[in-house]
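Here are my notes on the helix packing and the pockets of this model. Please read them with the structure open.

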Amino acid sequence: MTIEWIAPFYDRLCTLLGLGRAFRGQILEVAALKAGERVLDAGCGSGVWTRLAAEAVGSSGQVVGFDPGPRMIGIARRNAAQEGSRATFELAAVEELPFEDSSFDAALLSLVLHHLPAEVKRSGLKEIGRVLRPGGRLIVVDLDRSDSVLWRIVLWPLSHVGTSADAFEGKIPIYLREAGFEPVTVEVRWWKSLTFWRAMKPLSSIASVETPAK
Ligand SMILES: C[S@@+](CC[C@H](N)C(=O)[O-])C[C@H]1O[C@@H](n2cnc3c(N)ncnc32)[C@H](O)[C@@H]1O
């Protein structure tokens, strides 16, 4: 599920694909981070957003990025050290998080879910629900059903890759609700191909998974 082979040129590829500064800034805007918050960047890759988030929460906050790819985490740590960022990085996978219950105010899953098989999407979202505090928010950015014929053609190969197909069928909000997040709202559509969702962990404890998405 990792994309280690791409790690050394991942940031440049993102910029080429229109997922550079403006895209990261848009995620920050939706996340609406406040000074002092504890934030998790799940599947952080090279840690671009992790470092921006660390600036946004300031010295009283804390931002942790994690990824199961050792090369990605190595690059993320090196970039953070070069920039003097307070962001910290862990080698971990979303389906088994080394963090305490209710220990984060906000979490981000950007461009990660479409890499995960259905059962890992489910267990990963439950794990994020566990480590978010009641009332905490999860921002998900990922592929979605597109209403643009052009984009459907461009992204056609991806829509047939096993782990991405359900995202193209519009199932990400179903997974989020199954994992107990409510409400789940669409905040932004990016280039008619990506959606930004905000999913809240209810103040009462998160429900157990009931009906799996088909
Ligand atoms: C397309 S990159 C997205 C990186 C970053 N979030 C971004 O927005 O640029 C997908 C990332 O998901 C990570 N990933 C794959 N399987 C994962 C898992 N089980 N848990 C967490 N992250 C995972 C990959 O290693 C990769 O860094």
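1. The axes of helix H2 (residues 21-31) and helix H3 (residues 48-57) cross at roughly 45 degrees and come within 10 Å. Helices here are DSSP runs (H or I) of at least four residues, and strands (E) of at least two. Axes are lines fitted to C-alpha atoms, over the stretch in contact for helices, with angles from 0 to 180 degrees between N-to-C directions.

2. The model is predicted: local features need pLDDT of at least 70 and side-chain atom pairs pLDDT 80 or more, while totals for chains, interfaces and linings use all residues. Residues are numbered from 1 along each chain as its sequence is written, and side-chain values use heavy atoms, without hydrogens and water.

3. From H2, Arg 24, Ile 27, Leu 28 and Ala 31 meet Val 48, Trp 49, Leu 52, Ala 53 and Ala 56 of H3, contact meaning heavy atoms within 4.5 Å. By class, this contact of H2 with H3 has eight nonpolar residues, one charged and no polar. Nonpolar covers Ala, Val, Leu, Ile, Met, Phe, Trp, Tyr, Cys and Pro; charged covers Asp, Glu, Lys and Arg; the others, Gly among them, are polar.

4. Which residues line the second largest pocket? Among them are Asp 11, Arg 21, Arg 24, Val 48, Leu 52 and Glu 83. H3 gives the largest share of this lining, four residues. By class, the lining of the second largest pocket has six charged, four nonpolar and two polar residues. A pocket is an open set of points on a 1 Å grid over the protein atoms alone, where a 1.4 Å probe fits, with protein on both sides within 12 Å along at least five of seven lines; lining residues have an atom within 4 Å of a point.
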